[in-house]
Amino acid sequence: MYRVKDLFEQHGVRLELELVAGSSGLQRTILVPQANRPGISLAGYMKGYANKRILIFGRLEFHYLKDLDVKTRKNRLRALLSPQTPAVIVARKHRPPKELIDLCEERGIPLLRAGMSTMNLLSKLTLLLAEEFAPSIDLHGTLVEVFGIGVLIQGESSVGKSEAALGLIERGHRLISDDVVRVKKKEANFLEGRGIALTRHLMEIRGIGIINVAYLYGAVCVREAKSIDIIVKLEEWDDNKYYDRVGIEEKTETILDIPVPCHILPVKPGRDVVLLLETIALNHRLKLLGYHSAKEFQSKLLEKISNGENHLG
Amino acid sequence: MDSATKNRIELEVKIKNPMGLHTRPATNIVRILQHAKCCVQFTYKKTTINAKSILSILTLAVPKNGKLTVVIEGEDAEVVLPKLMRVLESPLEDISVL
């Protein structure tokens with residue numbers, strides 16, 4: 001549940017907000033991530049009025065209110081400020097009319113004042129709310145940035161996720177989070193993972209204990225957030241299982257409705273997981289640049305076969 | 001009913017340890033679950049984590065009297081449950097279960 005208090009405390013500085021009245025209503029829940037310039041509703045047309053949105057008052061609204069007589073002004077504002085209205089924000093540090101202040105105080109609706117212009121406020125607020133309301137999920141895994149690619153390493157406990165990540169860090173790659181990754185779906189339709197504040201940049205290595213990577217390896221080896229570009233699932237080597245040998249088929253796994261390319265990487269003594277992870281990340285980069293090793297080889301092979309050329313030629 | 005649904009246990013536990021779910025009880029939980037085949041998840045304040053990982057448990061930072069939802073799923077769920085409950089519900093670190 002996202003409350004007006006959270007918006008005020010987390011983004012108050014960015015939106016240059018100050019509380020004018022209705023502090024008793026700071027606990028109100030924001031139900032929809034939308035803001036509304038009352039416009040036509042202020043003129044008395046209340047059909048289809050979306051009362052769950054945050055109300056934004058700009059210069060025009062105040063000019064219009066000023067032109068109304070006191071009684072109408074009160075009635076219009078009364079109709080606008082419904083029990084569901086989470087908050088009212090005034091742009092450009094306008095001084096809200098006394099009726100608005102009184103009404104907000106009476107109904108316990110927070111009345112805030114922002115420093116920026118109405119349009120600026122509207123777009124910033126919409127973006128912030130969309131971000132806050134974006135679907136998110138906590139996943140078990142380790143998120144590392146390898147050659148600029150966000151790699152989410154997953155697998156059973158004790159398969160060696162943390163050890164693999166430590167190896168990657170040692171080779172100059174970056175840790176975002178070990179064990180718990182909070183994944184958020186971003187507006188541009190990609191996933192972003194970050195750690196949870198308390199255990200950010202901490203790792204647990206069997207036999208050593210909890211270590212802080214940021215202190216051990218320095219600030220260059222950690223990152224706060226990163227997009228999740230590929231998933232690598234580590235699993236114990238199973239002789240009876242068939243593992244991908246060519247790499248033409250691309251598996252994906254869906255997280256929050258977004259498909260992410262997924263590789264299954266079997267682990268056994270002697271396989272250098274760190275090197276393999278680097279290779280997967282590099283190969284992914286190559287694909288992004290338009291070169292698909294497996295497909296390229298496949299098409300060359302087919303061409304040769306169809307031409308009937310000698311394979312030694 | 002297939003075995004997967006049969007061996008699913010979900011319950012709510014109130015943490016009695018005066019210091020909450022701190023490092024020592026978390027270590028004990030991980031030790032109990034180390035060889036367990038079942039999947040164990042804890043949920044506290046809408047955050048769900050894998051209980052086999054100590055850092056994940058510590059991430060929750062459950063205080064005394066915090067209500068933790070525990071889900072155990074897998075063939076040895078019934079074996080794991082009593083051991084796990086003893087650690088979660090005991091007010092002091094009880095290592096006799098290990």
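**A loop and its surroundings**

A:K93 sits in the loop of chain A that runs between β4 and α4. Helices (H or I, at least four residues) and strands (E, at least two) are DSSP runs, numbered from the N terminus. This is a predicted model, in which local features need pLDDT of at least 70 and side-chain atom pairs count only at pLDDT 80 or more, while totals for chains, interfaces and linings use all residues. Residues are numbered from 1 along each chain as its sequence is written, and chains are lettered from A and ligands numbered from 1 in the order in which they are written.

A:K93 is not a glycine, but its phi is positive, near 55 degrees. A residue is buried if 20 or more other C-beta atoms, placed from the backbone, lie within 10 Å of its own, exposed if 12 or fewer, and partly exposed in between. A:K93 is exposed because 11 other C-beta atoms lie within 10 Å. A:R92 belongs to the loop between β4 (88–90) and α4 (98–107) of chain A. A:R92 is not a glycine either, and its phi is positive at about 55 degrees. With 16 other C-beta atoms within 10 Å, A:R92 is partly exposed.

The wider setting comes next. An automatic or database assignment gives the domain bounds, and chain A is divided into domain 1 (4–132) and domain 2 (146–298). The C-alpha centres of these two domains of chain A are 45 Å apart.

Chain A also has an open sheet of 6 strands, in the order β9-β7-β8-β15-β17-β16, with mixed pairing. Two strands pair if DSSP finds at least two bridges between them. β9 (174–177) and β16 (252–255) of chain A are the edge strands; each has a single partner strand, so one side of each lacks a neighbour in the sheet. On average, neighbouring strands of this sheet are turned by 35 degrees against each other, direction ignored. Axes are lines fitted to C-alpha atoms, for helices over the stretch in contact, and angles run from 0 to 180 degrees between N-to-C directions. Helix α6 (residues 161–170) of chain A packs on the sheet and touches β7 (142–146), β8, β9 and β15 of chain A, its direction making about 25 degrees with that of β7(A).

Within the sheet, strands β8 (residues 149–154) and β15 (residues 230–236) of chain A run parallel and are joined by 4 bridges. Two residues are in contact if their C-beta atoms, placed from the backbone, lie within 7 Å. Leaving aside neighbours within four places in sequence, A:V151 has contacts with A:V144, A:V146, A:I230, A:V232, A:L277 and A:A281. A nonpolar core is a set of buried Ala, Val, Leu, Ile, Met, Phe, Trp, Tyr and Cys residues joined through C-beta atoms within 7 Å. The largest such core has 57 residues, and A:V144, A:V151, A:A165 and B:I57 touch the most other members. A second, separate core of 30 residues includes A:I54, A:V90, A:L125 and A:L129.

A:L265, in strand β17 (residues 258–267) of chain A, is buried because 20 C-beta neighbours lie inside 10 Å. Not counting residues up to four places away in sequence, A:L265 touches A:V232, A:K233, A:L234 and A:L276.

Chain B has 4 helices and 4 strands, which follow the pattern α-β-α-β-β-α-β-α along the sequence. Of its 98 residues, 32% count as buried. Strands β2 (residues 39–44) and β4 (residues 67–73) of chain B run antiparallel and are joined by 5 bridges. β2(B) and β3(B) also pair in the antiparallel sense, over 4 bridges. They form a hairpin with 2 residues between them, and B:K45 in the turn has a positive phi of about 50 degrees.

Finally, the two chains meet: 12 residues of chain B and 12 residues of chain A take part in the contact. On the side of chain B that touches chain A, β3 (47–50) and α3 (54–60) of chain B are the elements that give two or more residues. α3(B) gives the largest share of that side, 5 residues.
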